[in-house]
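This report covers how the parts of the complex shown below meet. It takes the DNA strands, then the contact between the chains, then the symmetry.

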Number of protein chains: 2
Amino acid sequence: MSRTTLQQIALSLDISVTTVSKALRSYPDVSKKTIEKVKAAAELLNYKPNTFAVNLRTQESKTIGLVIPEIVHQFFSSVVKGVIEEAEKNGYTVIVLQSSQNTEIEKKRIEFLINKQVDGILIALADDTVEYYHLFEAQAIDLPIVMFDKIGKTVPCSKVIIDDLRAGYEATKHLIDCGCTKIAHFRGPLTSQNSIDRYHGYKKALEEYNLEFDESNVYHCKEMSFEIGKENARKLLNHRNGVDGIFVNTDMIAVGAITELKEHGINIPEDIRIIGFGNWFLSSVITPSLSTVEQPSYTMGKIAFNTLFSELNKHKENQHVEHETIILPTEIIARESTLA
Amino acid sequence: MSRTTLQQIALSLDISVTTVSKALRSYPDVSKKTIEKVKAAAELLNYKPNTFAVNLRTQESKTIGLVIPEIVHQFFSSVVKGVIEEAEKNGYTVIVLQSSQNTEIEKKRIEFLINKQVDGILIALADDTVEYYHLFEAQAIDLPIVMFDKIGKTVPCSKVIIDDLRAGYEATKHLIDCGCTKIAHFRGPLTSQNSIDRYHGYKKALEEYNLEFDESNVYHCKEMSFEIGKENARKLLNHRNGVDGIFVNTDMIAVGAITELKEHGINIPEDIRIIGFGNWFLSSVITPSLSTVEQPSYTMGKIAFNTLFSELNKHKENQHVEHETIILPTEIIARESTLA
DNA sequence: GACAGAATCGAAAACGTTTTCGTTCAGAAA
DNA sequence: TTTCTGAACGAAAACGTTTTCGATTCTGTC
């Protein structure tokens, strides 16, 4: 009752294992007649190649690793979906791992994938990752890496991202367009490239529209949680400083902020306008609904896989791979929280 | 620059490959001295066993498959997290696949996992799965299967679930306790075991408290979406029938319903009280916040993996495996939408 | 010095493929 | 008849482990 092997097909047709293997792969040096015979027998005996043996022989696993900071996360789970679907179409399997936004764990995950002998790695860095030795180690043994969303700018590999600076600029400009004159920013972790760029976009918009930039109106969120949003909203209320608009680094934080502000009797958007980032589902159903920046996740996953896939193929042909950086578009979604 | 092999360690110490292999696995028939020597050399040469070869030799992959209906889904992504973490602790890798709530795709996924030669399968069935031939096929080749959340009651395997009937009963009872006398139910797909059981729990509660059961107050949701919630809320308003409470099969549908009801000027909880199911994060931040049934997801993932893990081990020892059904507790979370 | 028994090691097979390189054989060309 | 060509097939090595079983060495005992 065990799996059919080439051996068994060979025996049943009284030919060699070699010929069976070649027939199934349609080698030119086996006659059409035997090819048909073998394929029929394989079908009949329900032959499925033994993955372990194939892997050992070909030295590849048709498997890639996908490392993300968090799994229970609308953006990342959506990326995962895109990657998995695209991988499936191309005969690849994906191993999903999470770094829990922690460089040390991220290192372990990479090492795990190296040991598992995956063919390539897709990764969105943890926010506190500032050194890339673990990635270089993978590259040293010729493992192709493609980064997405949370990248290290100095790592020599392909990248799939959005233009966070531009998006931050647009979000801030949206508040200005709605009449805000004193705009605060809830920024993300200091080492997160996304957060840095969105922050710069925020500053750029203020400058361009001749609004005063005041460092004390920038609130730091060490993590992307609802609680942090509430906490910073409280700080802002103590300090206030005439703020009439807030550009928040992430929807989840913005939702926390809105909740806290409402509890303190602040009217949104009348007293303070708010725009978030990411266009999470929950932003559309809270009261008031949250304006935000739509950011592609599902397609980012698909594109990330496909660039890795093409690198894998070039790699197999020993062709030179040119690293590319793909920038996906974002879009302002205006809702109640920024009504003019 | 390629990976170190047992061969190379053997050569460097002038002993046989056999001894190296045995030393690394601390066989009793190799001296302590050589064991140390070998382990030191392995460390020095940065030896990592070749997974492909190990798999082929041992005929196991230390990999399991996990099939869920949807990845971008708070409940299931949380299960995934639990499974992956527990797997990692025990040296297992997990391949995550989604069935998109579609039996045909589910069959393909199972077949894929069989071909990939995973050691076991964890699955939450698609809602429209009513035949289990694809699962029996896996079991026929001795692949252990553990089902969770969305199960087929007649499949002979271990299961990790909640008591949906009881939870449905409790949820309905909660509405009754809050003073509702005419309670509607938004039920899920007709073939989903969860939905069936919750529906029965609903009926049981009505009976026990002598409230009239009226089939026309049961609204059918073929899928678990926000839109379906709005749609059914609209139907309910047309029909109304004096309904003052709704037990909704899923938080997402409940949120859609609340949104629609608010748009029609219905006050919640004054006019109609609502309780959902699942305790999704968004339920706590919408207005009014949604009462719901807390349902373990992360722990369900952990426990599901662990039961599969123990079956895998028994399987290896050729021990008989006794199938068990583990029922995890649920809890009513009372919020604004059911204030008395 | 002989010998039993324990301690230590290694040869070889096996897992199931893929691919290189020969071999065979029929028929064509000489 | 001999030689050559090309089509069709197969033997064997290789991928890197693990494990069985036989061989060797060592220890201590009489």
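## Surface near DNA strand C

In this predicted model, DNA strand C is surrounded by 24 residues, and the closest of them are A:Leu6, A:Asn50, A:Ala53, B:Ser16 and B:Thr19. Two or more residues each come from α1 (6-13), α2 (17-24) and α4 (51-58) of chain A, and likewise from α2 (17-24) and α4 (51-58) of chain B.

α4(A) provides the largest share of the surface near DNA strand C, five residues. By class, the residues of this surface are nine nonpolar, eleven polar and four charged.

## Surface near DNA strand D

Around DNA strand D there are 24 residues, with A:Ser16, A:Thr19, B:Leu6, B:Asn50 and B:Ala53 the closest. The elements giving two or more residues to the surface near DNA strand D are α2 and α4 of chain A, along with α1 (6-13), α2 and α4 of chain B.

Which element gives the most to the surface near DNA strand D? That element is α4(B), with five residues. The surface near DNA strand D is made up of nine nonpolar, eleven polar and four charged residues.

## Contact between chains A and B

Chain A and chain B each bring 28 residues to their contact. On the side of chain B that touches chain A, at least two residues are supplied by each of α4, α5 (74-89), β2 (93-98), α6 (103-116), α11 (251-263) and α12 (281-285).

Of the elements on that side of chain B, α5(B) gives the most, six residues. The residues on the side of chain B that touches chain A comprise 14 nonpolar, eleven polar and three charged.

## Relation of the two copies

Two copies of a chain are related by a rotation about an axis and a shift along it. Here, chain B is superposed on chain A by a rotation of 180° with a shift of 0.1 Å along the axis, and the RMSD is 0.1 Å. The two copies are therefore related as by a two-fold rotation axis.

Where does chain B have its C-alpha nearest the axis? That C-alpha belongs to B:Ile286 and lies 2.3 Å from the axis. Both copies use the same surface for their contact, as 100% of the contact residues of chain B recur in chain A.

Methods
Residues numbered from 1 in each chain as written. Chains lettered and ligands numbered in written order. Predicted model: local features only at pLDDT ≥ 70, side-chain atom pairs only at ≥ 80, totals over all residues. Near = placed C-beta within 6 Å. Helix = DSSP H or I, 4+ residues; strand = E, 2+ residues; numbered from the N terminus. Nonpolar A, V, L, I, M, F, W, Y, C, P; charged D, E, K, R; others polar. Contact = placed C-beta atoms within 7 Å. Least-squares fit on C-alpha atoms with pLDDT ≥ 70 in both.
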